[in-house]
Amino acid sequence: MTATTITPFDGFGLGLRPPHYQDFLTSSVQVDFVEVISENFMVDGGRPRHILDQIRERHPVALHGVSMSVGSADGLDRAYLMRLKALVDHLDPLFVSDHLCWTRIEGFNAHDLLPLPYTEEALDLVCANIMEAQNVLGRQMLIENPSTYLQFAADSMSEWQFLDAMCARTGCSLLLDVNNIYVSAVNHGFDPIAYLDGVPANRVRQIHLAGHSQGRDCLIDTHDQPVPPPVWALYAEACRRVGPVATMIERDDDIPPLADLLTELDMARAIAVTDRRQAA
Amino acid sequence: MSLAAMQRDFAEWLTDRAGTMTAWVGGAAQAGLDVYHNGYRVRLADCLREMFEKTALWLGDEAFMAAARAHIDSTPPDGWTLGVYGDGFDRTLARLYPDDPEVVELAWLDHALARTFEGYDADPVSADRLAGVNWDEASLIFVPTLRTGPAITNAGAIWSALAAQEEPPAASILPQPGAMLVWRQGFTPCFRTIETVEADILAAAAAGAGFETICASLIDRLGAEAGVARAGALLGQWIGDGLIAEIHQAGSNRIATPFMQ
């Protein structure tokens, strides 16, 4: 594998969204990095690319994708991968991440993070796709655990066992979404602490924090709420296990003023620092 | 289990809420399948509403959502970006509104402006560049965001009124059919409605016709004095609008303009 390893980084950041572009361009925002949705900037030109270049001069940028589809049975989309590579080469991002999911099959693209069965067949396929992506990008990838609303009858291992095997086989790292663990744990009735104990802690390079909503029959990963108390509690548990890693707040809908998100980020800092003091 | 078969079944569930997907997950997962099905449709409808904002204002929310549902039913997304999902929505509207051509033209304009927003960057030439040009051997290279579409209605005026949050004019047919010209000035998408003669000349110029050929064509259509005057006026207008990326002199390598209809 030609992918380079990731330099340790334990800063605190925010997802960069259009309502906050001006804040980031005109003031000194107290974040250690920003994360952007890769696909929003895999375009030919125009204002978004120009803004990202300006912000890249001020902050490290992490690229977080939603369309790589490492779980697609018919493999990766080469044209997509080359567009992503061009952006990666241009930005030299802090991280390049995507999700453990599939979005596309035989020309159909659902534009959603669809669940995979946790089987040996799926593991073989996901690992092959991740290794291809890492080879093309020349970088180690971070793969994020999904939130899911169903489980498959054919599952032969837990999600955390799947992630552990995936990291071991591909050399990829993990983007641990604590809200996703909580949402899936409630929806499927597993113990989120057992999940944290099961994932390979030394592979976690980044943590996502977000909010969710109560749907009719299950929790939905909406990113339209502040981080709720149970997710903060689970974050504290995650910090104890993975140690200092990059942490960020994700907010994609009903986006509040930047100051509100920075207050949430201070909360994350306080929890992580408390854990780091206790560990010292 | 065949992963490919499951994913095909899942895709069928998302698009039609039908097929054998429930066999992979069991009846207890019906609620979860519904979350994915609903999320799929809401996401595509939101994409269309955002891209076709003025068309939605013109039709009203109920009629627009009915059109969006028809498009979602007939057109599953195939691109890795939702940015291309609006491609072809104007054809769906043409089927639904055969007697209201302004609806289709509004949709074309919304779509062209949205796509132009993220098109290739180019620095247009200024009037200073005109000095020293040998016009007998010159041709024009346009900015890559330039695209044109037919205009038989006052959709441009309707779009502008809606953008200004003013009462839009009633739909009407133009006295003479023309075209809508869309491009980006700096980072700002813009458009204007043009007459057929400008649209024809622009298309010829973008296809590589030299400025001398353009002048000859205008002289044929308008007569010697008016033709030459019109050629100069169009050149001035195009320079002022920021439409021209380069003036090519014969003998140097020419890069064709990707002229999009």
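Hi everyone, let me start at one glycine: just after helix α11 of chain B, B:G242 takes a positive phi of about 75 degrees. Helices here (H or I, at least four residues) and strands (E, at least two) are DSSP runs, numbered from the N terminus.

A quick word on the source. This is a predicted model, where local features need pLDDT of at least 70 and side-chain atom pairs count only at pLDDT 80 or more, while totals for chains, interfaces and linings use all residues. Residues are numbered from 1 along each chain as its sequence is written, and chains are lettered from A, with ligands numbered from 1, in the order in which they are written.

Back to α11(B). This helix covers residues 224–241, 18 residues in total, and reaches 26 Å from its first C-alpha to its last, close to the 26 Å expected at 1.5 Å a residue; that expectation is 1.5 Å times one less than the number of residues. Which residues of α11(B) are buried? They are B:R230, B:A231, B:L234, B:L235 and B:W238. Buried means 20 or more other C-beta atoms within 10 Å of the residue's own, exposed means 12 or fewer, and partly exposed is in between, with C-beta atoms placed from the backbone. Down the axis of α11(B), the buried residues fall within an arc of 135 degrees, so they line one face of the helix; the arc is that of the directions from the helix axis to the C-beta atoms. On the other side, B:E225, B:G232, B:G236 and B:G240 are exposed. The cover over the buried residues includes α9 (196–206), α10 (211–222) and β5 (244–249) of chain B, where contact means C-beta atoms, placed from the backbone, within 7 Å.

Now let's zoom out. Chain B has eleven helices and five strands, and 41% of its 261 residues count as buried. Its domain assignment, which is automatic or from a database, gives domain 1 (3–99) and domain 2 (127–249). The C-alpha centres of these two domains lie 37 Å apart. The C-alpha atoms of chain B fill a box of roughly 80 × 45 × 30 Å along the principal axes.

Finally, the partner chain. The contact takes 34 residues from chain B and 38 residues from chain A. On the chain B side, α1 (3–16), α2 (22–25) and α3 (30–51) each supply at least two residues. Thanks, and I'm happy to look at the model together!

Conventions: Two residues are in contact if their C-beta atoms, placed from the backbone, lie within 7 Å.
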